[in-house]
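Work through the following exercises with the sequence and the model at hand. Each task is followed by a worked solution.

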Amino acid sequence: MTTIYKNIQLNDEQLPIVQMLIERYISQEKESIQFFYERLNSAGSTQDVRDWTDSIRNSKERIDTLNKVLKQMLTNETITKHIL
């Protein structure tokens, strides 16, 4: 596993916007999972089942990854730089 550290400079308005966008994307992925489950229940072929199952798995992985990023954003130290 490779760990990459990236510093991103955000102002006091951008940070909450980025957090909100991540939360909104997670919400959309949850809606997608619900849609895929409905499609899975009405699947007519084995290929459809595989496709919808893969879509559900991919959405869950994206949600897990984004939840980790969001948790880091909320818990990591915030460094504030004031310029006079």
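Predicted model: local features only at pLDDT ≥ 70, side-chain atom pairs only at ≥ 80, totals over all residues.

Residues are numbered from 1 along each chain as its sequence is written, and side-chain values use heavy atoms, with hydrogens and water left out.

**Exercise 1.** Determine how α1 and α2 are oriented to each other.

Solution. Step 1: the axes, lines fitted to C-alpha atoms over the stretch in contact, lie 9 Å apart at an angle of about 160°. Step 2: angles over 145 degrees count as roughly antiparallel, and α1 and α2 are therefore roughly antiparallel. Step 3: sorted by class, their contact holds 19 nonpolar, six polar and six charged residues.

**Exercise 2.** Which residues make up the largest nonpolar core?

Solution. Step 1: such a core joins buried Ala, Val, Leu, Ile, Met, Phe, Trp, Tyr and Cys residues through side-chain atoms within 4.5 Å. Step 2: the eight residues are I22, I26, I33, F36, W52, I56, I63 and L70.

**Exercise 3.** Is Q19 buried or exposed, and is I8 buried or exposed?

Solution. Step 1: buried means under 20% relative accessible area and exposed over 50% (1.4 Å probe, protein chains only). Step 2: Q19, in helix α1, has 14% and is therefore buried. Step 3: Q19 touches L70, M73 and L74 (heavy atoms within 4.5 Å), not counting residues up to four places away in sequence. Step 4: I8, in the segment before α1, has 65% relative accessibility, so I8 counts as exposed.

Terms used: Helix = DSSP H or I, 4+ residues; strand = E, 2+ residues; numbered from the N terminus. Axes fitted to C-alpha atoms, helices over the stretch in contact; angles between N-to-C directions. Parallel < 35°, antiparallel > 145°, perpendicular 65-115°, else oblique. Nonpolar A, V, L, I, M, F, W, Y, C, P; charged D, E, K, R; others polar.
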